[in-house]
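Let's take a quick tour of this structure. Have a look at it first, then we'll go through the main points.

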Amino acid sequence: MSYLPYAVSAWVCAVGLYGIVTSRNLIHLAVCLTVTQSSTYVLLLSVGYVQGGGPPIFKGVELGTTSVDPVVQALSLTDIVVSVTVLALVLALALDVHRQAGTVDPDEIAAMHG
Amino acid sequence: MSWIPPLLVAVPLLAAAVVVATDHVLPRRVEDLVAIAAAATTCALGIVLMLRSERGDVIHWFGGWSPRGGVAIGIDFVADPLAAALAALVGGLVLVALVYSWAYLEEAARLFDTLMLVCCGAMCGFALSGDLFNMFVWLELMGVAAYALTGFEVKDIGPLQGAVNFAIVNGIGGYFVVIGIALAYARTGALNLAQIGQALTQGGSGGLVIVAMTLVVCGFLCKAAVVPFHLWLADAYAVAPSPVCAVFAGVMTDIGLLGVARVYWTVFDGAFAADRAAVGDVLLSLGVATALLGGAMAFLQRHVKRMLAYSVICHVGIMLAGIGLLTSKGLAGAADVLLAHGLLAAGLFLTTGIVIALFRSVDELHLHGRARGRPLLAALWFGAALGLAGPPYVGLYLGHSLIDDAASATGRAWLPPLLWIAGALASASLLRAGARMFLGLGAHRDRLLAPEMKERPPARGTRLSVLAPVTALVVVLGLVVSVVPGLPQRTEAAAERFRDRAAYASFVLHGSPAAHGPQAAFALEPASLESILYGIGATMLALALAGWGLYRPELGGSRLLRPPARALKALHSGVIGDYVMWLTVGAALVGGIWAVTLR
Amino acid sequence: MTVLATLVPLQYGLFGLVALGAPAVVLSRDPLRMTVVNGLYGLVLVLLFVLLGAPDVALSMLVVTTVAYPVVLLVAIARSRSSKEEMDEA
Amino acid sequence: MSRRIRVAAFVPALVVLFALLLWGFAGMPDFGHYRGPYGFVLERIATPERHVTNVVNATTYDYRGFDTMGEEFILFAAVTGVVLLLRGSSGSRRRADDDVRSDSIRLGGAVAPALVILVGLWLVAFGFVTPGGGFQGGVAVAAGALMLFVAVGYRAWSTLGDERLLDPIEGLGAGGYAIVGLAALVSGVPFLTNLFGPGVVGTVRSGGSAALLNWAAAIEVAAANVILTTEFVEQYIAPMVRRRG
């Protein structure tokens with residue numbers, strides 16, 4: 001069981017990649033990107049987890065109490081910001097693509113551009 | 001001098017914020033000046049830092065959080081001569097691009113300046129960072145600014161498609177890097193490159209380390225556009241405005257290679273000390289494949305910027321092959337190729353920009369003879385294109401000759417001819433395009449080349465009094481790289497230090513300054529006869545291939561060439577699903593090979 | 001720590017939900033439906049992060065899933081459904 | 001390349017990649033057995049030395065504050081990029097003049113935005129004490145502003161969302177982070193070094209200049225999100241307005 005969280009993360013990553021490759025819609029594809037990225041938060045937080053540990057916040061908790069790793073949490077926070085910005089940028093591009101081409105299907109767009 | 005490294009990031013980023021904050025107060029030209037001043041400062045600081053770091057690495061611990069008992073608790077910048085030189089090149093090319101776009105992009109608003117400055121700061125940060133996650137942050141920042149710059153011409157479908165493909169492939173590369181970081185962190189509990197490397201030396205290799213290296217390296221190779229992660233590059237560089245391309249082609253692509261070299265020599269080298277060759281051979285093969293495919297694809301293009309994009313891929317392959325030799329000479333050769341190629345590729349993109357501004361076309365066949373009577377432009381174009389082939393003591397020659405030496409020292413005599421031929425192919429395509437555009441030579445039609453693009457490039461500023469001198473400066477600098485006295489010795493000394501993992505680790509974690517040998521002498525190294533012959537041969541080959549390319553349709557033989565050409569073009573389909581498929585195949589292949597060969 | 005120990009099965013349950021949620025999002029081919037499923041998937045992640053002792057990350061994920069993602073996605077979907085003529089008008 | 005060939009080539013590669021990931025992950029310590037040392041060192045020193053009880057935020061804005069500077073600029077660059085993409089390269093907004101909104105919402109939505117904004121500010125202010133911080137609070141403040149849009153309508157919103165107001169704020173947020181860093185450098189200590197002492201444990205004033213960075217991040221995040229939302233919502237509204245007019 002102690003391997004399950006890591007396996008879930010690998011699974012989510014693979015599922016997201018599958019979604020990206022088979023996608024017929026840039027908006028769908030952008031969401032698949034965020035799904036792929038969600039595997040990285042799951043992995044990071046699982047890596048830093050300490051069995052029986054509380055959050056690394058020592059307000060009203062005695063110092064030295066077992067707690068989980070704060071570093072991976074800081075990394076995940078940055079990662080989440082990256083995912084929002086990439087989603088916003090890809091969607092903005094998708095909007096422009098739709099304005100110019102009238103479609104958001106990657107195959108059709110490539111065919112149109114030659 | 002330890003105050004310089006943070007400024008290389010802080011100055012351009014702060015200037016970007018200032019440009020946005022004062023947008024409605026300051027006139028546009030003043031904002032442009034702020035941006036130009038910031039880029040110039042970055043370039044100057046980079047040069048100072050490079051000279052200083054030749055006497056010993058310069059380290060800066062952010063927030064003053066230096067390591068305690070060998071455990072890094074903060075983030076550090078470590079400036080060695082190679083990284084500092086790259087930062088200086090970044091500043092210089094961004095400066096050139098900003099000055100150029102002053103005259104070129106008439107409606108270039110603050111958005112352009114802002115994004116260029118952000119990109120500049122991010123590239124410097126990536127080059128100098130000594131922390132694995134911090135490298136990822138700069139990689140993403142570089143990317144976010146670059147996607148938007150690629151889509152600058154939002155009125156056309158081409159730029160948008162290029163930006164989408166760029167964003168998605170590099171985004172996935174970024175996720176690979178993060179997963180690799182998580183793996184390394186789980187094993188070592190560290191994010192600092194030196195500390196991870198130190199811990200892995202003791203912990204040995206095994207599946208975790210192999211997979212972590214695969215993911216981090218593949219992630220960086222996406223940025224560096226190495227086969228099969230390269231497909232996005234031509235879509236993006238063909239459509240971004242020329243000054244943007246000059247920066248992208250000149251430094252941003254190659255910076256991914258710096259990432260590969262950095263993580264290999266600071267992190268993974270210790271763990272795989274017994275199987276170095278197995279690591280290097282994969283990089284070497286990828287490099288050779290990239291160089292040859294890039295050269296061949298360049299030859300099949302008629303869209304000049306697309307052709308240049310493939311020539312960039314070709315030279316990235318040459319650099320990766322140099323790095324893959326895993327010796328100081330090989331790395332130094334890659335660094336010198338990077339410098340000369342960065343300047344020449346930037347010069348070629350800037351020259352193309354002028355051609356676009358004057359003739360509103362980027363199509364080799366369409367421009368046939370139309371640029372006749374432009375001797376200066378023609379001289380710049382042919383000079384830079386020939387420099388890429390590397391005739392003796394010109395342009396890329398120095399880097400090539402160092403890689404030749406490294407290859408023969410490691411018993412790989414087959415490597416140099418392949419790399420010279422690849423470079424000659426790229427050079428030949430550019431010479432052919434130049435001969436059609438500027439001299440009006442050759443056939444008017446060639447069905448072997450990629451189909452014509454429908455789009456007409458947008459109107460651009462044509463103030464040649466600004467555009468031409470800037471372009472000429474870059475091209476001339478690129479051509480004389482090979483004859484700078486002492487450059488080969490100094491890059492080699494820098495490369496030697498770059499590869500010294502133990503010295504790096506004890507310097508970063510324990511502050512013990514590494515002892516460095518005496519300053520390399522300023523002397524022109526007597527080049528080996530082989531390299532001179534290769535250089536002459538590559539130049540002749542480039543000229544011959546260019547001539548053949550010009551008159552090929554009349555010479556026949558098309559039936560033989562058409563099927564492979566069609567197959568190559570089909571691979572580069574422009575469909576993002578295909579690109580991600582290839583990316584996955586590449587990562588699986590690299591990881592699979594290492595899983596079998598590294599034990 | 002006994003309170004935290006009782007949460008372990010819940011953690012594994014949420015990991016299982018994440019494993020099911022990801023394909024559910026990816027296989028929703030209709031973008032609007034996908035936005036909803038993605039929101040639910042985000043909420044599962046929020047709960048998981050809370051149980052992994054990461055309230056800060058959970059809070060970030062919460063504001064992102066409930067505010068940032070839906071706004072940009074819904075606008076993009078709405079615009080991509082309008083016809084070419086309407087786009088030209090705009 | 002047809003879709004079928006693409007998927008046929010992709011699936012085996014994906015299986016190999018998945019197997020590689022599983023193989024690599026098998027080398028990690030068991031779930032729940034993080035071994036340190038990085039995190040444990042920070043947990044040991046953060047509260048005594050920095051007077052900060054939320055070690056995550058101490059990491060985000062102090063020990064690894066430089067990462068967060070990069071993160072703020074990622075947001076900054078993304079907003080600039082979205083503006084570039086959605087408005088065209090000139091960067092000037094095409095302003096729609098009409099009011100598109102349902103009157104029924106206006107009355108109900110007066111109190112809620114204020115509450116949400118307050119919650120956001122609270123999250124920022126107590127970031128070094130309890131969960132929360134610049135990013136979470138900043139998005140919450142932006143969400144409150146978004147609710148205000150629903151409540152007061154487009155015209156009032158576009159006054160609030162005016163670029164002449166928001167651009168300087170955004171520049172200040174991102175630039176402020178760099179300025180705090182440079183201030184340290186100018187006073188002769190490393191970039192982003194804390195200049196104000198650690199403050200008082202468990203209060204708003206804990207964290208020293210990292211608290212300033214927290215506020216700079218909050219300003220950047222809030223402004224960035226308001227601009228992003230405005231740009232996207234305008235994509236939706238502008239054509240509707242034009243059709244009415």
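In which helix is the place of Gln37(A)? You'll find Gln37(A) in helix H2 of chain A, residues 26–47 (helices are DSSP runs of H or I, at least four residues, numbered from the N terminus). Keep in mind that this is a predicted model, where local features need pLDDT of at least 70, side-chain atom pairs count only at pLDDT 80 or more, and totals for chains, interfaces and linings use all residues. Residues are numbered from 1 along each chain as its sequence is written, chains are lettered from A in the order in which they are written, and side-chain values use heavy atoms, with hydrogens and water left out.

**Around Gln37(A)**
- Gln37(A) has a relative accessible area of 0%, so it counts as buried (under 20%, with a 1.4 Å probe and protein chains only).
- Leaving aside neighbours within four places in sequence, Gln37(A) is in contact with Asp79(A), Val82(A), Ser83(A) and Tyr175(B) (contact means heavy atoms within 4.5 Å).

**Where chain C meets chain A**
- Here, 41 residues of chain C are in contact with 50 residues of chain A.
- Together the two chains bury about 3800 Å², 76% of it on carbon and sulfur atoms (that's accessible area, 1.4 Å probe, lost on being put together and summed over both).
- On chain C's side, helices H2 (8–27), H3 (31–51), H4 (55–81) and H5 (84–89) each give two or more residues.
- The largest share, 14 residues, comes from H4(C).

Methods:
Buried means under 20% relative accessible area, exposed over 50%, partly exposed in between (1.4 Å probe, protein chains only).
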